[in-house]
Amino acid sequence: MPRFIKRSALAAAALLAGVAACTYNEELGRSQLLISGESSMAQAAQASWNQIKQQQRVSNDPRYTSRVNRVAPKLIQAAGDNPAKWEVLVFEDQSLNAFALPGGKIGIHTGILDLMQNDAQLAAVVGHEIAHVKYRHSGERYSQNIVASGLIGVASVAAGMGCDGTAAERRSCEQRAGVAVQALGLGAIYGAILPYSRKHELEADTGGVRYMARAGYDSCEAIRFWQRMQAASAGQARPPEFASTHPASQTRIDNLRQVVRKQGRSC
Ligand SMILES: [Zn+2]
């Protein structure tokens with residue numbers, strides 16, 4: 001067994017013991033298993049994002065882009081980030097969908113934009129997607145998959161752990177780790193677009209509504225928009241992707257009502 005694998009096995013044991021990988025997130029009020037660093041997730045997601053931009057048509061229609069460019073920066077700021085570091089694009093696609101990737105990439109389909117009645121409803125969707133990124137939901141899904149698939153040794157090498165010794169040893173270890181990162185890249189792409197769990201969806205709804213309120217939008221519009229989504233997807237045999245992995249609409253609306261009520265609003 002090469003040395004770097006042995007070392008990574010030790011690192012993996014440490015990770016499994018939960019020492020290095022479990023991070024407490026105060027805003028969520030729970031611990032998260034995060035094997036891969038934020039930057040390596042962002043790196044892997046960049047490849048997926050480039051691919052999506054090549055495969056799907058990016059809309060330059062000002063009817064869409066002006067709204068998105070007006071609303072998204074306010075929400076990103078409300079979430080405590082710099083809008084210049086995020087990329088928010090509109091894709092010409094009739095499906096009722098929006099998505100987010102680690103590293104601050106958000107895609108919004110024209111179909112879901114057509115369903116929105118005002119800026120606040122757009123803010124609800126953008127806020128939801130920002131929350132997925134801020135709460136590192138992809139990283140969490142990815143980590144869960146790595147543990148489940150027994151790839152944790154490779155993952156710990158890819159995360160840059162276990163490279164020590166002389167300068168030459170470190171270099172060769174890092175090279176091998178680079179190969180491991182590439183191999184993991186494929187997994188990360190899959191990880192980045194993996195459906196979120198219902199728990200993640202409710203957390204993203206909650207976070208999104210908080211950002212909305214901070215940015216000065218009426219959070220009641222989040223509830224109204226979700227009711228519109230429910231009505232629009234009712235007749236379809238297969239629910240839109242944005243909704244298919246999401247919690248049952250009623251659970252979601254109930255959760256939103258609770259959060260909005262805590263903000264002192266009644267809708
Ligand atoms: Zn979501």
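What volume does the second largest pocket have? The answer is about 400 Å³. Let's look at that pocket, and then at some helices and a cavity.

## Before we start

This is a predicted model, in which local features need pLDDT of at least 70 and side-chain atom pairs count only at pLDDT 80 or more, while totals for chains, interfaces and linings use all residues. Residues are numbered from 1 along each chain as its sequence is written, and side-chain values use heavy atoms, with hydrogens and water left out.

Helices (H or I, at least four residues) and strands (E, at least two) are DSSP runs, numbered from the N terminus.

## The second largest pocket

Rolling a probe the size of a water molecule over the atoms shows where empty space is left. On a 1 Å grid over the protein atoms alone, a cavity is a set of points where a 1.4 Å probe fits but cannot get out, and a pocket is an open set with protein on both sides within 12 Å along at least five of seven lines; lining residues have an atom within 4 Å of a point. Grid points are joined across faces, edges and corners, and a volume is the space filled by probe spheres set on the points.

The second largest pocket has 26 lining residues, and Glu38, Val133, Lys134, Tyr135 and Arg136 lie nearest its centre. Helix H2 (38–55), strand E4 (98–101), H5 and helix H6 (137–149) each supply at least two residues of this lining. H2 gives the most, with four residues. By class, the lining has 10 nonpolar, 10 polar and six charged residues. Here Ala, Val, Leu, Ile, Met, Phe, Trp, Tyr, Cys and Pro count as nonpolar, Asp, Glu, Lys and Arg as charged, and the others, Gly among them, as polar.

Helix H5 (residues 119–134) packs against helix H9 (residues 198–214) at an angle of about 125 degrees, with the axes 7 Å apart. Axes are lines fitted to C-alpha atoms, for helices over the stretch in contact, and angles run from 0 to 180 degrees between N-to-C directions. The angle of H5 to H9 therefore makes the pair oblique (under 35 degrees is roughly parallel, over 145 roughly antiparallel, 65 to 115 roughly perpendicular and the rest oblique). Residues in contact (heavy atoms within 4.5 Å) include Ala124 and His128 of H5 and Ala204 and Asp205 of H9. This contact has eight nonpolar, six polar and three charged residues.

With H10, H5 packs at an angle of about 85 degrees, and the axes are 8 Å apart. That makes H5 roughly perpendicular to H10. Among the residues in this contact are Ala120 and Ala124 of H5 and Ala222 and Phe225 of H10. The contact of H5 with H10 divides into five nonpolar, one polar and three charged residues.

How many cavities of 30 Å³ or more does the count come to? There is one. The largest cavity has a volume of about 120 Å³. Its lining has 11 residues, with Ala124, His128, Asp205, Ala222 and Arg252 nearest the centre. H5, H9, helix H10 (220–234) and helix H12 (249–262) each supply at least two residues of that lining. Eight residues of the lining are nonpolar, one is polar and two are charged.
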